[in-house]
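Subject: Structure for your files, with notes

Hello,

Here is the structure I said I would pass on. My notes on it follow below.

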Amino acid sequence: MDAIQLTVAEIRAKAAELRESFGDDARARSLEWAASRIERALRSDDDQQLTLSEAALRSGYSTDHLARLIRDGRLPNAGRRGSPRIRVADLPIRPRPTVAGASRDIYDPIADARAIGSRR
């Protein structure tokens, strides 16, 4: 569950608490309304269709790789033949390469050099 979905679940839990513990139905309905608007916006974003170029920018994969995934049937084509599209919800995200010291806020060139040296 991602951070936004977790937040929506917390909002819904708070609405239930307001209703059950304090009898505050008006505020509970307000929170439920807000949570449903967030969920609707998330679904709308998931259904957005991207060109291969747009999808490549978002995913980190090349347009050629994404086109290959569509041709091989590993990624559904939301467009038509000759003009492929990829739904945001179906978009694969390429993991970012990690370097030593990446978990720190400050770049450590010595740790990075050690990591590169250990690969040899």
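Contact here means heavy atoms within 4.5 Å. Residues are numbered from 1 along each chain as its sequence is written, and side-chain values use heavy atoms, with hydrogens and water left out. This is a predicted model, in which local features need pLDDT of at least 70 and side-chain atom pairs count only at pLDDT 80 or more, while totals for chains, interfaces and linings use all residues.

Overall layout

The protein chain has 5 helices and 2 strands. Both are DSSP runs numbered from the N terminus: helices are H or I with at least four residues, and strands are E with at least two. Read from the N terminus, the order of elements is α-α-β-α-α-β-α.

The radius of gyration of the protein chain is 22 Å, whereas a compact globule of 120 residues would come out near 14 Å. That radius is taken over C-alpha atoms, and the globule rule is 2.2 Å times the number of residues to the power 0.38. The C-alpha trace spans about 65 × 50 × 20 Å along its principal axes.

Of the 120 residues, 20% count as buried. Buried means under 20% relative accessible area, exposed means over 50%, and partly exposed lies in between (1.4 Å probe, protein chains only). The accessible surface of the protein chain is about 9100 Å², and carbon and sulfur atoms hold 51% of that. These areas come from the Shrake-Rupley method with a 1.4 Å probe; for residues, only the protein chains shown count as cover.

Among contacts with a separation of 6 or more, 46% are between residues 24 or more positions apart.

On charge, there are 22 positive and 18 negative, and their mean positions are 7 Å apart. Lys and Arg count as positive and Asp and Glu as negative, with His and the chain ends not counted. Each charge is placed at NZ of Lys, CZ of Arg, CG of Asp or CD of Glu.

Helix H3 and serine 59

Helix H3 covers residues 52-59, and its buried residues are Leu52, Ala55, Ala56 and Ser59. They lie on the same side of H3, because they cover an arc of only 105° around the axis. The arc is that of the directions from the helix axis to the C-beta atoms. An α-helix has 3.6 residues a turn, so residues three or four places apart point the same way. The cover over the buried residues of H3 includes strand E1 (49-50), helix H4 (63-71) and strand E2 (86-87).

Serine 59, which lies in H3, has a relative accessible area of 3% and is therefore buried. What does serine 59 contact, leaving aside its neighbours within four places in sequence? The partners are Leu66, Leu91, Pro92, Ile93 and Arg94. Just after H3, glycine 60 has a positive phi of about 95°.

Helix H5

In helix H5 (residues 109-118), Ala111, Asp112 and Ala115 are the buried residues. Their arc around the axis is only 100°, which puts them on the same side of H5. The face turned away from that buried side carries the exposed residues Ile110 and Arg114.

Tyrosine 107 sits in the loop between E2 and H5. Its relative accessibility is 53%, so tyrosine 107 counts as exposed. Between tyrosine 107 and glutamate 54, 53 residues apart in sequence, the C-alpha to C-alpha distance is 30 Å.

Alanine 3 belongs to helix H1 (residues 3-22) and is exposed, with a relative accessible area of 59%. Alanine 3 is 88 residues from leucine 91 in sequence and 18 Å from it in space, C-alpha to C-alpha.

Glutamate 39 is in helix H2 (residues 25-46). At 27% relative accessible area, glutamate 39 is partly exposed. Not counting residues up to four places away in sequence, glutamate 39 touches Val8 and Arg12.

The loop between H4 and E2

Serine 83 is located in this loop. Is serine 83 buried or exposed? Its relative accessibility is 17%, so serine 83 counts as buried. Threonine 51 is 32 residues from serine 83 in sequence, and their C-alpha atoms are 8.0 Å apart.

Regards
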